[in-house]
Amino acid sequence: MKTGEHTTKSQDINSGKSHHKRGASGLNKVAAIEKADIPQEPATATYKKKGSFASEEEKLTAKLRKNKDKDAHSTRGGETKEKTKGSSTLNNPIEKTTAFGKQKFVKKIIVDMENGEVKSLEEALELAEEGTIIKLCEGVYTCNVKITKPGIKIEPRDKDKPVYLLGNDGPVIKIDLKEKEQFVVIKKILLAHSGINIVAKFKEVQLAGIVNDESMARKANVKYLSEYDIQKDMNTVIMVSRGGLILRNCLISLRSLPKNLNSKIPCLVALPNSRVNIVNCEFMGNDNNMTTGCIMVKADTVMSSCRFTNFKSGAIYSVAESGSQVVIQDCEITKGGNVGIYCQGNDAKQYILRTKIDYIDGIGIRVHRGNRAKIKGCEIMKCQVGIEVLSADPLILMNTIRQNFENGIITIAKNFVRCDGVIKYNVIEKNKDNGIVCAGRENYTRIEKNQSISSNRRSGIKALEGASITIIKNKINSNFAQGILLVEGTSAHIESNEIFTNFKANIAFGGDNSSDTVIYNNKIYSSRSEGIFVIESGYSWIKNNQIYDNNDGIIMFDSSPHITENNINENQRAGCIVSGSSFPRIEKNSIFGNSTSGVIIRDNSTALILNNKVRNHLLLIVIYRSSVTTTKCLPDR
């Protein structure tokens, strides 16, 4: 071969990668060129240093091999340097720290449906052993076998090419490991359930005349978790029967379900003796069916940075037990129904942190009987109800609850089971009903240090049906009805609050059991109506408050409160009005600067007025003829 020919051939080889045909024939030509056309050292190069031409040869050979690998990667045809055989072993085992501990990966399997030696995920799982990485080439896969081997990682081979894992009947992925401590990892895969076989089964039931079969014939109900027939072969995308699952950067979808199915379909179900760790995943429901995001039944759960959309039957159900680890943080739940997050389990303590919940046609977060969930730093808006507590003891802390279509927070003591929830450091505003509602006997909700309970269309705080609550150090203002409303049969300890500019009375209470109400050391001012309104109340206690700039300071009707050591001043009409058949004790108060009178006593009322400082009024004390009063005042000289 001549030197000139050699040079030309070398140039052709260097530019040859743009002219090779795709596919197996192209790769065979590359291999043939690599073997036959590597240039030999010409005679004129006899006196060159040994190894100088060899280095050029190695560079050229490396280029050819790189070209071959690139073609194989782009077409997935023919043989590649990286074998797709299930027995391929990693030269350097990889040890990675996962959410559940360290795992050493020693084996790799590449699944290629078109040209690989392993063509299905089922075959790869059969070949896999503990510590195997299964890489899926672009395509649509199924998984009709259980994953029973621990330490398996399933992920796409190519970063920018999608991998779909679909199913038609039962779970799309079934994980059933021997031990809870074992786990499987799934990354960057789209998982979906088509629901095709659900329709086919229902039609078979109808044709067979078995329409009374509850599991197939009853209409799905939006309200109850019990409507789910939770079992290991139920229709769902992911079923974790036992063991652990680490889910990363996946999309779990039910959008392709047929319309108006008669059964509820969840995306993920984790049963007892299992644990899941889910980060940066998206769950998508279906507008036309009763779908749910996740159901965790006594399963340890850590969920971070996930998004849930369009789940008409609820996004997350967590049924835990005492000692379970359940953390839901930095998630977003939107455009759903029934409930955003449901917490159940006696003495269980779920942590719901920094989660945004909006546009739920139901309850943002529901805490069921005996549960002790901690809800912190969440934003709940434009739901039917922000948070509902049913005979439970949650800590509701540092949340923003606003613009909901009914109440911001409602706590209920049902069937005489205590409710001891704590509502603290929250902003509760612009809800279309009340800010906070507490209902039921044995309801001892504590409402403390909330930054703002304001601009709600009705009352800021409302107690009813025998509740006995504590309200301390809150800022309650600008509500369209009362600041605090205690309906007949309820009572409250109200201390050190700032209550102002509410459209109706800043505080209103009365009726049976209201005699246990204590109003102590509050600032109560600038109401368009009364500072405090009392009706048909027993011997309640109003002490050491600053009551000013209201329409009237205190109005009572058929009541007998003890009003002592208050500053009642600069109200637009009277400082204190005693009416109906009231029998108050008014002593040691400083009543001054009100526009008309210090104290007005009328109707059949009798008042004991002792040691008060009453000054700077047009009329200090006004007593109508029918009233009987014992008076001992200290007027301003």
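These are my notebook entries on a predicted model of one protein.

**Entry 1: the whole protein**

I began with the overall make-up. The protein has 637 residues, and 53% of them are buried. I found six helices and 56 strands listed for the protein. For contacts with a separation of 6 or more, I looked up how many join residues 24 or more positions apart, and the share is 55%. The exposed surface comes to about 29000 Å², with carbon and sulfur atoms supplying 47% of that area.

Next I checked confidence. Mean pLDDT for the protein is 82, and 77% of the residues reach 70 or more.

**Entry 2: Gly116**

I then went to Gly116, which lies in the loop that runs between strand 2 (101–111) and helix 4 (121–127). Is Gly116 buried or exposed? Its relative accessibility is 7%, so Gly116 counts as buried, the cut-off being under 20%. I also looked up its distance to Cys137, which is 21 residues away along the chain. The two C-alpha atoms are separated by 9.3 Å.

I followed up on Tyr164, which belongs to strand 7 (residues 163–167). Tyr164 has a relative accessible area of 32%, so I put it down as partly exposed.

**Entry 3: salt bridges**

Then I turned to charges. Side chains of opposite charge can pair when their charged atoms come close. How many salt bridges does the structure hold? The count is 19, and I looked at a few.

Lys153 pairs with Glu155, with 3.7 Å between the closest N and O atoms. Lys153 has a relative accessible area of 5%, so it is buried. Glu155 is at 11% relative accessibility and therefore counts as buried too. This pair has a further partner: Lys135, Lys153 and Glu155 are linked in a network of salt bridges.

Arg157 forms a salt bridge with Asp158, and their closest N and O atoms are 3.3 Å apart. I checked the burial of this pair as well, and both Arg157 and Asp158 are buried.

My last pair was Glu332 and Arg307, a salt bridge whose closest N and O atoms are 2.8 Å apart. Which parts of the chain does this pair link? Glu332 is in strand 21 (residues 332–344) and Arg307 is in strand 18 (residues 307–309), so the pair links distant parts of the chain, 25 residues apart. Glu332 counts as partly exposed at 26% relative accessibility. Arg307 is also partly exposed, with a relative accessible area of 31%.

Conventions. Residues are numbered from 1 along each chain as its sequence is written. This is a predicted model: local features need pLDDT of at least 70, side-chain atom pairs count only at pLDDT 80 or more; totals for chains, interfaces and linings use all residues. Side-chain values use heavy atoms; hydrogens and water are left out. Helices (H or I, at least four residues) and strands (E, at least two) are DSSP runs, numbered from the N terminus. Buried means under 20% relative accessible area, exposed over 50%, partly exposed in between (1.4 Å probe, protein chains only). A salt bridge is a side-chain nitrogen of Lys or Arg within 4 Å of a carboxyl oxygen of Asp or Glu. pLDDT is the predictor's confidence in each residue, from 0 to 100. Contact means heavy atoms within 4.5 Å. Accessible areas come from the Shrake-Rupley method with a 1.4 Å probe; for residues, only the protein chains shown count as cover.
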